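Let's take a walk through this structure together, one stop at a time. Keep the picture open and follow along as you read.

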Amino acid sequence: MLHWGNEPVVLDMRSNDRYPQAIDPSIIEDCGGWRFFITVFGDAENRFFTAFSPDAIHWQQPQECRRFTPGLNTVCNASVLRLANGQMRLYFSEYKSSIIGSDIASEV
């Protein structure tokens, strides 16, 4: 019984030549505002990007998640949980050549 309104597009990655497409948003509360994590992709491998917003409508320009390198695997479906010690744990799907047989991986 929810009534959703027509909101504006909050992220358009088309200006990013290397990663023009975004999927799989995951949002958590962070520092008095909101932080999203997304999977971005294009001709290059998939990567995780993040951005902050004070109101969950107006977002900073997304930046690639630091110190995370997917290596030879394809990654997607980022989901983040804030731990009791303040760190964040990233859960995600990863696979080598086919989504069939993919794993769920995790990093802090």
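Start with Arg35, which counts as buried because its relative accessibility is 18%. Here buried means under 20% relative accessible area, exposed means over 50%, and partly exposed is in between, with a 1.4 Å probe and protein chains only. You'll find Arg35 in strand β2. The side chain of Arg35 makes a polar contact with the side chain of Asp30, at 2.8 Å. A polar contact is a pair of N or O atoms within 3.5 Å; within protein, one must be able to donate a hydrogen and the other to accept it, and residues adjacent in sequence count only if both atoms are side-chain atoms.

A quick word on what you're looking at. This is a predicted model, so local features need pLDDT of at least 70 and side-chain atom pairs count only at pLDDT 80 or more, while totals for chains, interfaces and linings use all residues. Residues are numbered from 1 along each chain as its sequence is written, and side-chain values use heavy atoms, with hydrogens and water left out.

Now step back to the whole chain. Helices (H or I, at least four residues) and strands (E, at least two) are DSSP runs, numbered from the N terminus. Along the principal axes, the C-alpha atoms of the protein chain fill a box of roughly 40 × 35 × 35 Å. Of the 108 residues in the protein chain, 34% are buried.

Two strands pair if DSSP finds at least two bridges between them. Strands β2 and β3 (residues 47–53) run antiparallel and are joined by 7 bridges. Within that pairing, Trp34 stands opposite Ser53 in β3.

While you're on β3, look for Thr50, which sits in this strand. Thr50 counts as buried because its relative accessibility is 14%. Thr50 and Pro25 are 25 residues apart along the chain, and their C-alpha atoms are separated by 9.5 Å.

Two residues around here have backbone angles to check. Asp24, in strand β1, has a positive phi of about 60° although it is not a glycine. Asp24 counts as partly exposed because its relative accessibility is 22%. Cys31 lies in the loop between β1 and β2, and it also has a positive phi, about 50°, although it is not a glycine. At 73% relative accessibility, Cys31 counts as exposed.

Next comes the other sheet. It is an open sheet of 3 strands, with the order β5-β6-β7 and antiparallel pairing. Strands β5 (74–82) and β7 (103–107) stand at the edges with a single partner strand each, so one side of each has no neighbour in the sheet. From one strand to the next, the twist averages 25°; axes are lines fitted to C-alpha atoms, for helices over the stretch in contact, and angles run from 0 to 180 degrees between N-to-C directions.

Strand β5 pairs with β6 (residues 88–95) in the antiparallel sense over 7 bridges. Cys76 stands opposite Ser93 in β6. The hairpin of β5 and β6 has 5 residues between the strands, and there Gly86 takes a positive phi near 95°.

Last stop: which residues line the second largest pocket? They are Glu7, Pro8, Val10, Leu11, Pro25, Ile27, Phe36, Ile38, Ala56, Ile57 and Trp59. Strands β1 (21–30) and β2 (33–41) each supply at least two residues of this lining. The lining divides into 10 nonpolar residues, no polar ones and 1 charged, where Ala, Val, Leu, Ile, Met, Phe, Trp, Tyr, Cys and Pro count as nonpolar, Asp, Glu, Lys and Arg as charged, and the others, Gly among them, as polar.

Notes: On a 1 Å grid over the protein atoms alone, a cavity is a set of points where a 1.4 Å probe fits but cannot get out, and a pocket is an open set with protein on both sides within 12 Å along at least five of seven lines; lining residues have an atom within 4 Å of a point.
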